[in-house]
Structure formats: C-alpha cells, structure tokens
Amino acid sequence: MLKFAYFIEGGHYAHNNGKGEFFMKMSRMYLPTLREVPSDAEVISHQLLLRAGLIRKLVSGVYSYLPLGKRVLAKIERVIREEMDAANSQEVLMSAIQPSELWKESGRWENFGPEMFRLYDRNEREFCLGPTHEEIFTSLVRDELKSYKQLPLSLYQIQTKYRDEKRPRFGVIRAREFIMKDAYTFDRDPDGMKQSYQEMWEAYTKIFDRLHMKYRVVEGDSGAMGGSDSHEFTAMAESGESTVMYAEGCDYAATDEKAECIFELPVQDTEKKELEKVSTPNVGTIEDLENFFQVSADRFAKTLLLTVKGEPIAVMIPGHRELNLIKLLKVVDAAEHEIEMAEEETVKEITGARVGFAGPIGLKKDIPLYIDKRVTEMTNIIVGANESDFHYKNANYGKDFEGTVVDDLILTQEGDICPQDRRLRLKSDRGIEVGNIFQLGTKYSDSLNLTYLDQDGKSKKVWMGSHGIGVSRTMAAIIEQNYDEKGIIWPLVVAPYHILITVVNAKKEDQMQLGEQLYQEYTKLGYEVLFDDRNERAGVKFNDADLIGIPIRINVGRRAEEGIVEFSLRRGGEKEEIPVSEIAQKVKDEFAYQGL
Ligand code: ATP
Ligand code: MG
C-alpha cells in the first residue's frame, strides 16, 4: 500500500489524526454547493467551480479558493513540483511586491501598460504587484553570479501573479489574480539556453501527461516577454480563447497569431486597366460590395485605419481576409495596448468620408500605409475612394498607390496552406493556453547587466529562458476536459479526494456503522476518503456527489447489514453491488487504470 503514500499531502488540508491520516466528514465540511448555474458564468469550468463549491468570486477576476479548490490546486502543484525538481530546477519564493526601479532598468515599466497593478508606499516609492518575474530573478542572480562554474542554473516558484486584464472572464481562466509556476533558466551561451528550453519542454510534457490532459504544443508568439523562440502548451477545449492551427500529416502546430499565412489568390488579370471611380451609394460593408459589384471579396482590398500610440496608420489587406494584429505590432514596434481601431471621427478626418469608404488613393492626411504583399500581387482591385458613397475599380499597386509592403499581415484560417508541408492544408482547433516556454536570449541580461566570468577570463552575458504554467488556469482546463451534465469528473491524480463513501440513510445505525468503518479503514490504508455522513435525503447526496466528481464511490445502503455496498466510478462505470471484501481490489484496479 506504500504505493499510495505518494498521495499523502501535508496535514493542513484536512483533519489529521497525527498519523498522516485524513479524516473529513461532509457534515463538518465547508462545501457550499449551488443548484443553480450562476448567471455570469459563461464556460462550464467556471460554472462547475462555483457550483461544486471550489471557488467564490471576491470582485471581478479575483477569487477565493475553498477547501475542495485548495486541495485540487495542491495536487496540481505537487505534480508540477515533482517534475520541475526532476528537471534540476530549484524552488524559491519571491515577493509579489516589486520595486519599479528594476522594471525601469528593463524598460518594461513604461511598456507593460495598463495590465500592471501599480502602487506606492508611505514614502511615495513606486511598486507594482508582479505580473511576471523576469526582472526580479535577473536581479537576484546578478547579485550572486560570478563564474561560469555556477551555470547552468534553473529556478522556479509557485506564486500569485497580478494582471489587471482588460477583460477578466471565464472565472480563473482569465483572472486578475492567479497562481503561476514561473521558472527562469540561466545559461552560458545560446546552445545552453536551447538545452534548458528542451528540458523544460520535456518537463511540461510529463506534467500535462500526468494531469491526463489533452494538449498540443504549438509555436507561439513571444509577446511581451521578448526573445525569439517560444512554444505554448494548449489544453484542447471548445471554450478556449486560443486558436491552434495544425496540419494532419505533419507535426506543424502554431497559434493563429503566430502561424505564417499562405493562401492562393484567384487568377488575376494580366492587363492593368485604367482606374475608374464608381458611385456606390450606401455600399459600405464587404457583403454590400460583393452584391453591388457581383464579385467575391478576394477582388477587393480593404483599408483599415488604426492608431498606434495615438498616431493614425492605414493597413491594406485582401478583402476576404482578417488583419493579424500581433503581426502588425511587430512591424510598427508597439505593444498590444498601444494599438486601437481608429474612432469614427478620426476616420472622417483622414478619409474625408464616412466609415466604409477608406482606400489607399487620396487620403486627406499623409499617414503611413502598410500593405500586405498579397495586395501587391492582385490586379484591378476594388478599393474605397476616400469619398462617401464612392469606390475605385481597377486600382493597381505601383500604378495607383504605394506604401510599405509587408510580407504577412494576415490572420491564418482553416484551409490555408501548411507552412511546413505545402501539400497540406491547415485545420484549426480551440484551446486554453496552460503553459509556455520562452527563449529570452540576452534581453534581460543586457538591460539589467547580468554577466558571468567565462573560462577564457572574459565577462559574458547570460542567456536566459522563462517558462510559465498557469496553475489555477490548469485547474479550470482540467474541468473543461472532464465533465458531464451532472458535474465534474476528476482524474484521480488531481481529485480533491480519491474515494467518497456515502451513507444512503444516515438515520440507519447499521449503515452509519459500516460507512464509518470503511471510512476509517481506507483512510488508514493511505487513501483520501470523504465521508458523506450528512443527514440529508439520498437524492441530495447523490447530486452533490456527481457535482463534486470524486472518482471512486461507495454507497452504503440498505444491504449494509449483509456487508454489501454499491460501488461505482464517477467516470461512467456501472453501479455494482459488491461485498466489502471486494472493494480493495476494485480501488486498486482503478488506480492502475489511471496510471497511478
Ligand atoms: P494569455 O495569452 O492567455 O494572456 P500570456 O501569454 O499573457 O497568456 P504568460 O505571461 O506567458 O501568459 O503567463 C504564463 C501562464 O500563466 C500562461 O500560459 C497561462 O497559463 C497563465 N496565465 C496568464 N494570464 C493569466 C490570467 N489572467 N489568469 C490565469 N492564468 C493566466
Ligand atoms: Mg496575457
């Protein structure tokens, strides 16, 4: 039975009798379940976390974890710790409060933007509540690192992060306070950094495999972290905010933001015709235009007006495709919060027309125009005329308009050509980003001056990586992958308890007695057992049992006196009446089945 000693957690999660055994009676438990679906909870994990009494909302994007929720978090953290430790990463714990000076050194105090919670101490010194910890770890290591002999180094923490998200939603999936595992690696050179990256990749694979998650590792955008290579670990779920582009037949997978967009344009006219202004009264949308001109949207180019750091720009893409904001941000060197669609007033000022008639020819203001390369390959296209109710026909790049040509400004979509194997077509799937790994290069060691003395006696910059897992988000992602219409179906590895013993009628002494006996016995064997001894109707207890999703269930009912109980598995196993002597084997079988 030592096999299960692995599951024994520190004594603060439940009543501990001092022998490492846990006793938890539901009659004593703080488990406020809800029958109704809370109205502001859109996704299933948010609904079930609230209904099953794992979390409660304090304010928007800020949650309290109740006893069941805390236990699940601890289980997830345990798996993460074991695999991080095995990958030679050492656990530390850093402060959530961070001085602004370090962020000013890295340059991120200015460009992190409104996601950062900022605060002052009594002496007006500026701080933030850490949204991430690159600066703090770099500074910690810089103060001690001397020689190459101290490298490579890998440190991690499991700690609370703060981000004032623009749209906190989906419960703990996009929260403003959340728990993250963040690791930072320090290496002598690019090869070392890549090796550390590989080790983290493998550790993450083990973590998410052990958590029984269905996920994909996808090429990601390195966003606010900076640096070069990055991958996201995305838990597949319909409700997810991430779109994963992938191809069947090769191992290509990338977020739609990152994926290179390759598609065929329709066959174009070889002869460039004369530009012609056409009256198009009230024809403002792409659909209107398709109907008016009787051609499909891939014969138009749309001209989008945006503002970057307050300054207007125009962007042209083929009419049937969407702008990829992340790709544009790289071109204009701005952060996400610094870019917006232009207001109606601005559009009128720049085009001299109502919204819907912007085009590249005759803009009233001289603003930068970025043109997706595909537009330059199209001939005789339809564009807005910068005049209300008018368009141009037969506009041609080079002849009628010019601008800064950019290779790819388009959001990839299903059916596009796979960048890795051009014979294949991309498909898309939705998911929740639960972790990511970044190669930071020397971004932070440059700005914060983190150096070491190499073997050749020279002072060199450290090559870094940063690697996150959203611990609280993972809890929700597991639910998104494991539920039915009645509630959560926890995998054993993260279940708040392994076994739920329910006394069907708490007024019957024989049932209570057998329930109590099994509860003691299985707890002593090292299992985490929850005992539903409440004096409630059986229906209420069974509904709660389904809702909270404990994997293994034993109902002690009317055949208690004969030593017969009802055994079932939450993951859809049939209910079976069995003698108590057979329980042990069935429990073992289920642990084995779930790989434990
Ligand atoms: P997202 O694109 O979802 O905003 P991110 O790229 O900002 O994520 P990182 O800064 O890389 O995320 O953070 C590491 C991990 O922390 C993410 O992979 C995710 O699992 C988790 N995480 C990020 N933001 C939140 C949040 N607001 N609430 C809960 N978990 C989060
Ligand atoms: Mg984010």
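## Helix contact, aromatic cluster and local backbone features

The axes of helix 2 (residues 67-86) and helix 12 (residues 471-481) come within 10 Å of each other and cross at roughly 110 degrees, where axes are lines fitted to C-alpha atoms, for helices over the stretch in contact, and angles run from 0 to 180 degrees between N-to-C directions. Helices (H or I, at least four residues) and strands (E, at least two) are DSSP runs, numbered from the N terminus. Helix 2 and helix 12 are therefore roughly perpendicular to each other, since angles of 65 to 115 degrees count as roughly perpendicular, under 35 as roughly parallel, over 145 as roughly antiparallel and the rest as oblique. On the side of helix 2 the contact (heavy atoms within 4.5 Å) is made by G69, V72, L73, I76, E77 and I80, and on the side of helix 12 by V471, S472, T474, M475 and I478. These residues divide into seven nonpolar, three polar and one charged; Ala, Val, Leu, Ile, Met, Phe, Trp, Tyr, Cys and Pro count as nonpolar, Asp, Glu, Lys and Arg as charged, and the others, Gly among them, as polar.

This is a predicted model, in which local features need pLDDT of at least 70 and side-chain atom pairs count only at pLDDT 80 or more, while totals for chains, interfaces and linings use all residues. Residues are numbered from 1 along each chain as its sequence is written, and side-chain values use heavy atoms, with hydrogens and water left out.

The structure holds 14 aromatic pairs; rings of Phe, Tyr and Trp (its six-membered ring) pair if their centres lie within 6.5 Å, and planes under 30 degrees apart count as stacked, over 60 as edge-to-face and the rest as tilted. One aromatic cluster is formed by Y197, W201, Y204, F208, Y215 and F233, and two edge-to-face pairs that involve W201 are set out below.

| Pair | Centre to centre | Angle between planes |
|---|---|---|
| Y197 and W201 | 6.5 Å | 75 degrees |
| W201 and F233 | 6.3 Å | 75 degrees |

Y197 and W201 are four residues apart in helix 6 (residues 190-210), so they are separated by about one helical turn. The pair of W201 with F233, by contrast, links distant parts of the chain, since F233 lies in strand 12 (residues 230-236), 32 residues from W201. Y197 is buried, with a relative accessible area of 4%, and F233 is buried at 0%, whereas W201 is partly exposed at 24%; buried means under 20% relative accessible area, exposed over 50%, and partly exposed in between (1.4 Å probe, protein chains only).

Charges also meet rings in this model: the charged end of R216 sits over the ring of Y246, 3.9 Å from its centre, and that of K575 over the ring of F542, 5.5 Å from its centre. A charge sits over a ring if NZ of Lys or CZ of Arg is within 6 Å of the ring centre and within 35 degrees of the ring normal. Both F542 and K575 are among the residues touched by N555, a buried residue with a relative accessible area of 3% in strand 31 (residues 552-556).

Most residues other than glycine have a negative phi, and most peptide bonds are trans. N386, however, has a positive phi of about 55 degrees; N386 is found in the loop between strand 20 (381-384) and strand 21 (390-395) and counts as buried at 2% relative accessibility. A cis peptide bond, with omega about 0 degrees, joins L151 and P152.

Notes. Chains lettered and ligands numbered in written order. Lists of a residue's contacts leave out its neighbours within four places in sequence.
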